[in-house]
Amino acid sequence: MQPNTGYSNTTGYSADPSIKTDTRAMAVATTLFFMVGFLTCLNDVIIPHLKSIFELTYAEAMLVQFAFFSSYFVFSYPGGKLVDRFGYKRAMVIGLLIMSAGALCFLPAASHAAFGIFLTALVILAAGMTTVQVAANPYVTVIGPPATASSRLNLAQAFNSVGTFIAPFFGSALILKGAKPIAPERLHNMEEVARQAYRMAEAASVRMPYIGMALTLFCLAVILSLIKLKPQEQNENLTQDFRPGAFADALTTPDSLWRHPWLIAGAIGLFTYVGAEVAIGSLLVNFMGLPIIAGLPEAKAANFLMVYWGGAMIGRFIGSAILQRISTGPVLGTAALAAFTLVTITILTHGHVAMFALLAVGICNSIMFPSIFTLGIQGLGSLTSKGSSVMIAAIVGGAIIPLATGKLADRIGLHAAFLLPAICYVYITCLGFVAIRRKTLGAKLIPVEPI
């Protein structure tokens, strides 16, 4: 067992004092994480909006997240191939252009008021995000000292949380504020022509926000393509082995999975974490609208999403500092245990106690993604590329667990349905505390390829 040096050696590699963090590369990465967080959180705003417009059940409304997050599983392989072919920077540029195209697809979706087109637009948008994250997540872990990889990824994820913090206010003001939802019974009794006219009028509120997003993403792609990031001095012996590899290749290579149980455990942890976080965030607006909770209208409830995602933002900045001094395992285990406790309080209580307990889960979620990610790829050496793709593919939990939670809500009620996210936090708690006894490895980190 290695002595505690005061740093979280999350990647399992020995520290090299000569390696310095590339601040320019970090600036680029944090900007991308911000945009990914912003667009992901907008789903939490449009879900109740689409649910009202199209008379959806909770399970049907969760198809938004299913379409969005299943793309992480489907497109992690093509994303890895793009990195293999074009390198980190170009892959990120391609990802941004795909995201821009997906945002533009919201225009025909709104014009035709067709739920299926909305889902298609989300799939395209998420395909671009997957490409960006397949390149950006492992890239951030290797653009500086290995011992502080988790801290660096937490910092980048903190800017992801800045995006998720701002998005609810933006979405509430531009999408929900002008919405005029009507009772489902009245909508159901309308003539088909009148019903479709109402849907088109309500769906039109998403046009301008997503046009703005499309233009912003396109400009970012152009700017990133023009930036020349400075290679690190240690990059003389370059290798493609570290590049995010293909998920399918990882499945067919026994050594990448079956001989590395921590990769499997980490992937399951990421699956459950993303699923729990997305399920809670997606249903918060509807939950706060319940008479036994707060009875808030959608536009006002959406503003409270800023508390949930703001907690994640603040927690990641704090977590980045804590993980400089405390190892990842106990921090992760404690945060997950606190999240489980808060969700349990939500299930067992009503009113503002239940509401604010669920909102407080956000700060507990803050350090989970980067911590689980670095624990999963620790000690993989040349297999880190394939391991990173497996971890990114595990984000599909954001598709499956929210959908299952929605189905559960339709059966037993929204309040009790949060039992499923609570179970997810039990697994993450165990993962974190078991990691305390894990031995670290002393292999050298493969240097990052310049882009």
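1. Helices here are DSSP runs of H or I with at least four residues, numbered from the N terminus. Glutamate 277 belongs to helix α13, which covers residues 261-288. The model is predicted, so that local features need pLDDT of at least 70 and side-chain atom pairs count only at pLDDT 80 or more, while totals for chains, interfaces and linings use all residues. Residues are numbered from 1 along each chain as its sequence is written, and side-chain values use heavy atoms, with hydrogens and water left out.

2. Glutamate 277 has a relative accessible area of 9% and is therefore buried (under 20%, with exposed meaning over 50% and partly exposed in between, for a 1.4 Å probe and protein chains only). Leaving aside residues up to four places away in sequence, Glutamate 277 touches Tyr308, Trp309, Asn365 and Tyr425, where contact means heavy atoms within 4.5 Å.

3. The whole structure holds three cavities of 30 Å³ or more, and the largest cavity has about 290 Å³ of space. Of the 23 residues lining the largest cavity, those closest to its centre are Thr40, Phe69, Asn160, Tyr273 and Glu277. A cavity is a set of points on a 1 Å grid over the protein atoms alone where a 1.4 Å probe fits but cannot get out, and lining residues have an atom within 4 Å of a point; grid points are joined across faces, edges and corners, and a volume is the space filled by probe spheres set on the points.

4. At least two lining residues of the largest cavity come from each of α1 (23-53), α3 (63-86), α7 (149-176), α13 and α14.

5. Isoleucine 363 lies in helix α17 (residues 361-365) and, at 44% relative accessibility, counts as partly exposed.

Conventions:
1 Å grid on protein atoms, 1.4 Å probe; cavity = no way out; pocket = protein on both sides within 12 Å on 5 of 7 lines; lining within 4 Å.
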